[in-house]
Amino acid sequence: MKSFIALCAVAGVVALSGCSGMGRGETVGTAGGAAAGGLVGSAVTGGSTLGTLGGAAIGGVAGHEAGVNYDKKHQ
């Protein structure tokens, strides 16, 4: 469980490190998507590190795209 929390923390830091020029929706979408993707990836693969990181990456990309759409609609 401790390694899972550490992986989530690392994924969150990595996701947020690229958010400096993004709007609020993009930032929240990327971070939220990475966190949710990491949880799903971990659950699906039985706690595998690769599954957790892969899920976080996929979730981050999906969340980012959803955030872009949100920001465009709410300008």
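Where pLDDT is low, the predicted coordinates should not be read in detail.

Helix 2, which spans residues 24-44, comprises 21 residues and extends 30 Å from its first C-alpha to its last, close to the 30 Å expected at 1.5 Å a residue. The buried residues of this helix are Gly-25, Glu-26, Gly-29, Thr-30, Gly-33, Ala-34, Gly-37, Gly-38, Gly-41 and Ser-42. Just after helix 2, a positive phi of about 70 degrees is found at Gly-46.

Two of these buried positions in helix 2, Thr-30 and Gly-38, were examined individually. Thr-30 is classed as buried because its relative accessibility, 9%, falls under the 20% cut-off. The side chain of Thr-30 reaches the backbone oxygen of Glu-26 at 2.7 Å, and the Thr-30 side chain also makes a polar contact, at 3.5 Å, with the side chain of His-64. Glu-26 is itself listed among the buried residues of helix 2.

Gly-38, likewise located in helix 2, has a relative accessibility of 2% and therefore counts as buried. The C-alpha atom of Gly-38 is separated by 7.3 Å from that of Gly-54, although the two residues are 16 residues apart along the chain.

Note on methods: Residues are numbered from 1 along each chain as its sequence is written. This is a predicted model: local features need pLDDT of at least 70, side-chain atom pairs count only at pLDDT 80 or more; totals for chains, interfaces and linings use all residues. Side-chain values use heavy atoms; hydrogens and water are left out. Helices (H or I, at least four residues) and strands (E, at least two) are DSSP runs, numbered from the N terminus. Buried means under 20% relative accessible area, exposed over 50%, partly exposed in between (1.4 Å probe, protein chains only). The expected span of a helix is 1.5 Å times one less than its number of residues. A polar contact is a pair of N or O atoms within 3.5 Å; within protein, one must be able to donate a hydrogen and the other to accept it, and residues adjacent in sequence count only if both atoms are side-chain atoms.
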